[in-house]
Amino acid sequence: MVTFDICITLLLLLVTLLPLSRHPGWWVRVWDFPRLQLLIISALLGILQFFLLTHVTWLAAAVLLISLICCGYQCWWIFPYTRLQKKQVRDAEGYTAHPGIRILVSNVLTPNRQAGKLLKQIRIESPDVLVAVETDSWWEQQLSVLDQDYPYSVRCPKDNLYGMHVWSRLPLRDAEIQYLVDPEIPSMHMLVTLPQGIDVRLHCVHPMPPSPTENDESRDRDAELVLVGKSVAQATLPVIVTGDLNDVAWSRTTRLFLKISGLLDPRRGRGMYCTFNARYPLLRWPLDHIFHSQEFILGSLRRLEDIGSDHYPFLAHLLYVPPQGQQQESLLKEAEDEQFAREILQKNASLTFPVHTPGENDNGFH
């Protein structure tokens, strides 16, 4: 029993420390995801070890201390995504009359054939913009019923789990589909015009995750996030970046993206809003994101009901209130963050430059 306890504790320590490495291998990066689960395991293990500690020895004390350190370390990562942390994005109380945008992002899961569930949610929630990923030609046909109420669209059906579609009731222009890192992985970049003629850059991304079945390393995902982050950091217009990033909110690379871009995460201080995996309650983490620039404050943020996919849809109502938004603070970018970003880009030779900057130059809709 003692040997088993020691082995479990050392294994817990190993998977806790692995993500400290910058190694891009999936077997390292995968441990960024289940921090909440590892926190719970380490806490339960520590409690069990404490109560079973019949006599104090240096070995028993060391094992207990390791469990508590693992618990505290995981807590440090996920604490910003609890209600104990100060909200990074201000609530929009008293500003609901301002121009805004309701944006719904949904990874539909290509083989899922329950399109009616998503359409029902769209009718109920009435978002201004729908961003659907993993959409193929079948999904495009099913969702084409939206054309009447959502007359603006950008479409890229694919059978490789990386199709993407955007439907909008707000005008879209200067749109471009790009393959920033991989010739089979599209991203979309466009200008959406809010009421009162306010132009907003909208970037929709769905990079490939590090996993043994898709990509052995996280280099492509990390490089795409850095590319987009550096692009929007130079924006003169308001910005929204959304999609299934295949990265958790608390990972080092998502934190790097937020630091490089200067964007805000409405999850911080409100909750985790875990959107994946809809099928396994014990294995959930936040993979779908809606990040935005300081001009916006938050009307509402919600995870919606199951649509038959392995992801839950994610909905945010953002209001354009620059005077209030400028009081919000983005994550502090340091010199080492810039160096880390440069290293990520230098190690990926297949990058496409530059990221399209909708609205920053008048290219027209194409």
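Which residues does UniProt list for "domain: Endonuclease/exonuclease/phosphatase"? Keep that in mind as you work through these exercises on a predicted model.

**Exercise 1. Find the annotated stretch and describe its make-up.**

Step one: look up the record. UniProt lists residues 107-311 under that name, in an unreviewed entry.

Step two: check the secondary structure there. Over residues 107-311 the chain is 21% helix and 28% strand.

Step three: look at the two ends of the stretch. Their C-alpha atoms are 6 Å apart.

**Exercise 2. Work out how many cavities there are, and what lines the largest one.**

Start with the idea behind the search: rolling a probe the size of a water molecule over the atoms shows where empty space is left.

Next, count. With a cut-off of 30 Å³ or more, you get two cavities.

Now ask which helices take part. Helix H7 (219-233), helix H8 (252-261) and helix H10 (335-346) each supply at least two lining residues. H10 gives the largest share, three residues.

Finally, sort the lining by class: three residues are nonpolar, three polar and seven charged.

**Exercise 3. Explain why the ring pair of Tyr81 and Trp250 ties together parts that are 169 residues apart in sequence.**

Begin with the total: the structure holds 10 aromatic pairs. Tyr81 and Trp250 form one that is edge-to-face, at 6.2 Å centre to centre and with 70 degrees between the planes.

Now place the two residues. Tyr81 sits in the loop between helix H4 (58-78) and strand S1 (100-107), while Trp250 sits in the loop between strand S8 (239-244) and H8, so their pairing ties together parts 169 residues apart in sequence.

Last, are these residues buried or exposed? Tyr81 has 2% relative accessibility and counts as buried. Trp250 is buried too, at 1%.

**Exercise 4. Classify the pair of Phe257 and Phe291.**

The ring centres are 5.6 Å apart and the planes meet at 40 degrees, so this pair is tilted. Phe257 belongs to helix H8 and Phe291 to strand S9 (residues 288-292), so the pair ties together parts 34 residues apart in sequence. Both Phe257 and Phe291 are buried.

**Exercise 5. Look for other ring contacts.**

Step one: find a cluster. Ring pairs link Phe33, Phe276 and Trp285.

Step two: look for charges over rings. The charged end of Arg35 sits over the ring of Trp77, 4.5 Å from its centre. Likewise, the charged end of Arg113 sits over the ring of Trp138, at 4.2 Å from the centre.

Conventions
Residues are numbered from 1 along each chain as its sequence is written. This is a predicted model: local features need pLDDT of at least 70, side-chain atom pairs count only at pLDDT 80 or more; totals for chains, interfaces and linings use all residues. Side-chain values use heavy atoms; hydrogens and water are left out. On a 1 Å grid over the protein atoms alone, a cavity is a set of points where a 1.4 Å probe fits but cannot get out, and a pocket is an open set with protein on both sides within 12 Å along at least five of seven lines; lining residues have an atom within 4 Å of a point. Grid points are joined across faces, edges and corners, and a volume is the space filled by probe spheres set on the points. Helices (H or I, at least four residues) and strands (E, at least two) are DSSP runs, numbered from the N terminus. Ala, Val, Leu, Ile, Met, Phe, Trp, Tyr, Cys and Pro count as nonpolar, Asp, Glu, Lys and Arg as charged, and the others, Gly among them, as polar. Rings of Phe, Tyr and Trp (its six-membered ring) pair if their centres lie within 6.5 Å; planes under 30 degrees apart count as stacked, over 60 as edge-to-face and the rest as tilted. Buried means under 20% relative accessible area, exposed over 50%, partly exposed in between (1.4 Å probe, protein chains only). A charge sits over a ring if NZ of Lys or CZ of Arg is within 6 Å of the ring centre and within 35 degrees of the ring normal. UniProt positions are given in the numbering used here, feature names are shortened, and annotations may be inferred rather than shown by experiment.
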